[in-house]
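Trainee: Could you take me through one part of this model up close? I would like to see how the side chains there meet.

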Amino acid sequence: MEFFCYHRDRPGSTALRMELLERHWSYMDQYEKELIARGPTFAPGGDAPSGSVHIVDLPDPAAARAFAFDEPGYQAGVYRDVLLLRWRDMLGRTMWDFPGGRTGGNRYLVLGLGAGGAADLASAPGCRDDLIAYGPLLSDDATTWLGTAALVRAPDADAARGVLAVERYADIEIHPWEFGGRR
């Protein structure tokens, strides 16, 4: 079962986040085979981290909750909240398989929170080459569509927003993002 996990930073927690970076990476190393994508998000126009994305394949919702809430930064109070939802990999690959590689171009997390019926269940035509990860956000039993999450390479935030049908969502968040893990 695939899960989308987004830890959002608590204001003023950057120093603590940096202090725990090696512990965070060591924790994630335990999930190397299960990770589909990972990496930090940043405040618009800045270098300050604003969150941490992990898309992971785990046996069940209980294992996903343990993954999210046992993370050292969460345990120490780095994060203000955690969004944890079922997810479905529509590209059939990990971020490491992305043909565009780790560098070059701007990268974004595009998070569309649903309103009404399911939307964007297939990737937007013409942008597949710029999609790093893409899929619907679902309820724990995977029967209810709750939104869509994408990691995308795009020239700017407005172009990144274009991977979703804006009118089909209650809200769309765009966060600068980069490939995570050890360099």
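Mentor: Let's start with a polar contact of 2.8 Å between the side chains of Thr148 and Tyr169. The term means a pair of N or O atoms within 3.5 Å; within protein, one must be able to donate a hydrogen and the other to accept it, and residues adjacent in sequence count only if both atoms are side-chain atoms. This is a predicted model, where local features need pLDDT of at least 70 and side-chain atom pairs count only at pLDDT 80 or more, while totals for chains, interfaces and linings use all residues. Residues are numbered from 1 along each chain as its sequence is written, and side-chain values use heavy atoms, leaving out hydrogens and water.

Thr148 belongs to strand E7, residues 145-154 (strands, E, are DSSP runs of at least two residues, helices, H or I, of at least four, numbered from the N terminus). With 0% relative accessibility, Thr148 counts as buried (under 20% relative accessible area; exposed is over 50%, partly exposed in between, with a 1.4 Å probe and protein chains only).

Now for the rings: the structure holds 6 aromatic pairs (rings of Phe, Tyr and Trp, its six-membered ring, with centres within 6.5 Å; planes under 30 degrees apart are stacked, over 60 edge-to-face, the rest tilted). One of them joins Tyr27 and Phe67, with centres 6.2 Å apart and planes at 35 degrees, so the pair is tilted. Because Tyr27 lies in helix H2 and Phe67 in helix H3, this pair ties together parts that are 40 residues apart in sequence. Phe67 is buried, at 0% relative accessible area. Tyr31 and Phe67 have ring centres 4.8 Å apart and planes at 85 degrees, so that pair is edge-to-face.
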